[in-house]
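Hi,

Here is the structure I promised to pass on. Have a look, and my notes follow below.

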Amino acid sequence: MLQIAICDDEKFYRDRIQTLLAGYLEKRQLEYTITRFFSGEDFLSRGENIVQYDIVFLDISMNAIDGIETALQIHAFQSRTEIVFVTAFINYVLEGYKVNAVRYILKDTLDTAVEECMDAILRKRQLRQVSFSFLEGEQRLYTDNILYIESRKHKAVFFCLESKLINLTIYDKLDHIEKKLEGHGFLRIHKSYLVNMKHIQRISNYKAELDVGGELSVPRRRYQAVKEAFVAYKGAL
């Protein structure tokens with residue numbers, strides 16, 4: 001399920017963007033939720049819960065906390081959210097590049113630009129999908145939504161962030177799952193844990209702290225290698 005946020009201080013544009021997104025997603029029979037916010041402060045008041053959003057449509061020119069500052073604070077929590085700037089002013093375009101915005105849309109082009117923007121984002125996300133045959137049934141997952149996988153005897157449990165935290169179980173070895181997820185930013189921090197580095201906030205004191213809260217232990221013998229791998233990953237973003 002795609003989780004989308006719209007943050008704009010003008011109700012007209014919040015309504016318009018939501019209508020265009022709903023039409024686009026329903027036409028393609030995609031599951032989604034859309035949450036609207038009237039200011040940067042309103043959005044950021046959710047704290048670390050903002051990590052749940054896959055896409056955020058941000059007005060750049062807002063009072064107090066503007067779109068650029070809001071985007072910077074989103075990235076302070078994690079980096080997987082696709083940020084789309086929506087504004088009436090062309091002179092803000094260079095600011096968008098500072099926070100790796102995926103698109104920059106002028107408000108007078110919304111009717112055509114939203115569809116083109118969503119096409120590009122979905123193409124990008126499609127490349128990050130993987131399929132597994134879980135006990136709960138065959139599932140295609142966005143790798144960004146997988147927090148970590150835990151080995152439990154002959155099973156592996158996937159902890160995933162959709163509209164809420166869900167668990168999916170599969171009969172498989174963690175070694176095999178690690179190979180399947182190779183190239184998607186997963187790190188074996190423990191013989192029993194394979195963690196998505198996009199969701200690691202920091203590694204310290206022999207623990208990996210997750211951006212959604214909670215922590216996983218890192219054995220002393222693996223600690224230095226795990227920390228170096230994480231630092232290299234963050235440096236490559």
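Is Phe12 buried or exposed? Phe12 counts as exposed, because its relative accessibility is 57% (exposed means over 50% relative accessible area, buried under 20%, partly exposed in between, with a 1.4 Å probe and protein chains only).

Before the rest, a word on the basis: this is a predicted model, where local features need pLDDT of at least 70, side-chain atom pairs count only at pLDDT 80 or more, and totals for chains, interfaces and linings use all residues. Residues are numbered from 1 along each chain as its sequence is written, and side-chain values use heavy atoms, with hydrogens and water left out.

Now the aromatics. The structure holds 10 aromatic pairs (rings of Phe, Tyr and Trp, the last by its six-membered ring, with centres within 6.5 Å; planes under 30 degrees apart are stacked, over 60 edge-to-face, the rest tilted). One of them joins Phe12 and Tyr13 edge-to-face, at 5.0 Å centre to centre and 85° between the planes. Tyr13 counts as buried at 19% relative accessibility.

Phe43 and Tyr53 make a tilted pair, because their planes meet at 40°, with ring centres 5.9 Å apart. Phe43 is buried at 0% relative accessible area, and Tyr53 is buried at 1% relative accessibility. Together with Phe37, they form one aromatic cluster.

There are also charges over rings (NZ of Lys or CZ of Arg within 6 Å of the ring centre and within 35 degrees of the ring normal). The charged end of Arg28 sits 3.6 Å from the centre of the Tyr24 ring, while Arg220 lies over the face of Tyr206 at 4.4 Å.

Best wishes
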